[in-house]
Amino acid sequence: RFKLRGYLKRMLINIVGGLLVGTGGLMGFIKAGSYMSLSTGIIFALVVFIAAKKMGESTSYTEKKKGAQTLFGIWIALAAVMAYRLIVTGKIMPAGVVLLLSLVFGSYNFLKLSG
């Protein structure tokens, strides 16, 4: 039976998170015609994909750890932006949902870094 290990598993989990945020940006565009949602969702997803791919392809522990730190920073940056948007707009959708999602993925990466 095939079993995902360590950094490969973390890479795939982060890619799923990137896909969720990218899909959310597409939904914002479809529902509200928001080019800002579309562009930021796609850009964020691409940045996560690139960082996760680099982490998965790295052969040294140091490089893998740098990739994990980068992913943690990316998710926390998104959480900060969405927290600000939630405070300003008071709307749970999409800011509150993306805030929660980014905190979950950021926490996951933090726990993996420290453990």
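Helices here are DSSP runs of H or I with at least four residues, numbered from the N terminus. By that rule, Glu63 and Lys66 are three residues apart in helix α3 and so are separated by about one helical turn. This is a predicted model, in which local features need pLDDT of at least 70, side-chain atom pairs count only at pLDDT 80 or more, and totals for chains, interfaces and linings use all residues. Residues are numbered from 1 along each chain as its sequence is written, and side-chain values use heavy atoms, with hydrogens and water left out.

**Salt bridges**

- The count is two salt bridges, each defined as a side-chain nitrogen of Lys or Arg within 4 Å of a carboxyl oxygen of Asp or Glu.
- Lys53 pairs with Glu57, with the closest N and O atoms 2.6 Å apart.
- Both Lys53 and Glu57 sit in α2, four residues apart, about one turn of the helix.
- Accessibility classes use relative accessible area: buried is under 20%, exposed is over 50%, and partly exposed lies in between (1.4 Å probe, protein chains only).
- Lys53 has 46% relative accessibility and therefore counts as partly exposed.
- Glu57, at 51%, counts as exposed.
- Glu63 pairs with Lys66, and their closest N and O atoms are 3.7 Å apart.
- Glu63 is partly exposed because its relative accessibility is 39%.
- Lys66 is partly exposed too, with a relative accessible area of 44%.

**Helix spans**

- The expected span of a helix is 1.5 Å times one less than its number of residues.
- α1 has 27 residues and reaches 39 Å from first to last C-alpha, close to the 39 Å expected.
- α2 has 23 residues and reaches 33 Å, close to the expected 33 Å.
- α3 has 29 residues; its end C-alpha atoms are 42 Å apart, in agreement with the 42 Å it should span.

**Buried faces and their cover**

- Contact means heavy atoms within 4.5 Å.
- The buried residues of α1 are Tyr7, Arg10, Met11, Asn14, Gly17, Gly18, Val21, Gly22, Gly25 and Gly28.
- Cover for the buried residues of α1 includes α2, α3 and α4.
- In α2, the buried residues are Leu38, Gly41, Phe44, Ala45, Val48, Ala51, Ala52 and Met55.
- Cover for the buried residues of α2 includes α1 and α3.
- In α3, Lys64, Gly67, Ala68, Leu71, Ile74, Trp75, Leu78, Ala79 and Met82 are buried.
- Cover for the buried residues of α3 includes α1, α2 and α4.

**Two residues in their surroundings**

- Asn14 is in helix α1.
- Its relative accessibility is 0%, so Asn14 counts as buried.
- Beyond its neighbours within four places in sequence, Asn14 contacts Val48, Ala52, Leu71, Trp75 and Asn109.
- Leu86 is in helix α3.
- Leu86 counts as partly exposed because its relative accessibility is 23%.
- Leaving out residues up to four places away in sequence, Leu86 touches Lys91, Ile92, Ala95, Gly96 and Leu99.
- Leu86 and Gly96 are ten residues apart in sequence, and their C-alpha atoms are 5.9 Å apart.

**Backbone features**

- The peptide bond joining Met93 and Pro94 is cis, with omega about 5 degrees.
- Pro94 belongs to helix α4.

**The largest pocket**

- On a 1 Å grid over the protein atoms alone, a pocket is an open set of points where a 1.4 Å probe fits, with protein on both sides within 12 Å along at least five of seven lines; lining residues have an atom within 4 Å of a point.
- The volume of the largest pocket is about 680 Å³, taken as the space filled by probe spheres set on grid points joined across faces, edges and corners.
- Its lining has 26 residues, with Gly24, Gly25, Ser37, Pro94 and Val98 nearest the centre.
- The elements giving two or more residues to this lining are α1 (6–32), α2 (35–57), α3 (61–89) and α4 (92–114).
- α1 supplies the largest share of the lining, eight residues.
- By class, the lining has 15 nonpolar, eight polar and three charged residues.
- Ala, Val, Leu, Ile, Met, Phe, Trp, Tyr, Cys and Pro count as nonpolar, Asp, Glu, Lys and Arg as charged, and the others, including Gly, as polar.
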